[in-house]
Amino acid sequence: MSRKIGIALLIVAIAQFLAPMLPAIGIGEPIGARGDVAVRPPELPPGPFFSIWGVIFLSYLVFAFLSLWKPGYLEHRLAMPLLPAGAGNVIWMVSAQSITNQYADFVLLLPILACIGLAARRLHRMGGFDGTLARLNACILTGLFSGWITAAVSISVAATWREVAGLGPSDHVWVSLWIALLSAGLLAWAFASRISASLFYFVALGWGIAGIAVNNWYLTHLHWLSAAAALFGLYILWRRLRYGARPAFE
């Protein structure tokens, strides 16, 4: 792996920390705080749930430093998919906070999901966690990143459906919720059966679904939707723990 790639990873890592700060200086608005409480969509977690980005950004920064300081086979294999995943994430965050075009948000998320999924798959094929701190950081990074982007894609699928149908955030809330939840369930099945056995993925996805439940209980006051989201999230976690993951390439 060339030093230029390591420097690029470090630049992207720093940019990921800076992008969410733009609303603080008057550029755009935080993704998790978008919209009035009275017309919040049912699938959008409250702002505090987006704090998981801090853990993801920190693990990405550690990976970037390792890629510059002591690159090895791990950094060589994961650098190329992680670089476009991180860069795409910066572009998506800036777009979602500033441009707020739902079609652009959805399209920008897809290559991020593909790249971080490739990184997770490569790490799984390398054996996952091997007892070293570098490998643990890579497991946290690829698992949490791919799980949280899965949640973001699922939320965006529901929002895009409303945009196409010309509906408002409070219209057909059950349909919006189930579009998001079923999208998350399908992507979780694909991840566990085709990509990786990472449990960190389900930690991040479960955190996102918990945010949906909290959103509907405390902010939209749609308690039945909150219960449905909570039960569906518990089912996804139970199924992963009960049946495990069987990536097809094994």
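**Entry 1: H3 against H5**

I started with the crossing of H3 and H5, which is left-handed (the near helix is turned anticlockwise from the far one by less than a right angle; clockwise would be right-handed). Helices here are DSSP runs of H or I, at least four residues, numbered from the N terminus. This is a predicted model, where local features need pLDDT of at least 70 and side-chain atom pairs count only at pLDDT 80 or more, while totals for chains, interfaces and linings use all residues. I number residues from 1 along each chain as its sequence is written, and side-chain values use heavy atoms, with hydrogens and water left out.

The axes of H3 and H5 come within 12 Å and cross at roughly 35°. Axes are lines fitted to C-alpha atoms, for helices over the stretch in contact, with angles from 0 to 180 degrees between N-to-C directions. I listed who meets whom (contact is heavy atoms within 4.5 Å): on H3 the residues include Leu78, Asn89 and Trp92, and on H5 they include Arg135, Phe145 and Ile149. The contact of H3 with H5 divides into 11 nonpolar, 1 polar and 2 charged residues.

**Entry 2: H5 against H7**

H5 passes H7 in a right-handed crossing. Their axes are 7 Å apart, at an angle of about 35°.

**Entry 3: Trp53 and the core**

Which residues touch the most other members of the largest nonpolar core? Trp53 and Phe145 do, out of 65 residues. A nonpolar core is a set of buried Ala, Val, Leu, Ile, Met, Phe, Trp, Tyr and Cys residues joined through side-chain atoms within 4.5 Å.

Beyond its neighbours within four places in sequence, Trp53 contacts Asn89, Trp92, Phe145, Trp148 and Ile149. Trp53 is among the buried residues of H2 (buried is under 20% relative accessible area, exposed over 50%, partly exposed in between; 1.4 Å probe, protein chains only). Cover for the buried residues of H2 includes H1, H3, H5 and H7.

His172, in the loop between H5 and H6, has a positive phi of about 50° although it is not a glycine. His172 counts as exposed because its relative accessibility is 52%. I found His221 in the loop between H7 and H8, with a positive phi near 60°. His221 is exposed too, at 54%.

Note on methods:
Helices (H or I, at least four residues) and strands (E, at least two) are DSSP runs, numbered from the N terminus. Ala, Val, Leu, Ile, Met, Phe, Trp, Tyr, Cys and Pro count as nonpolar, Asp, Glu, Lys and Arg as charged, and the others, Gly among them, as polar.
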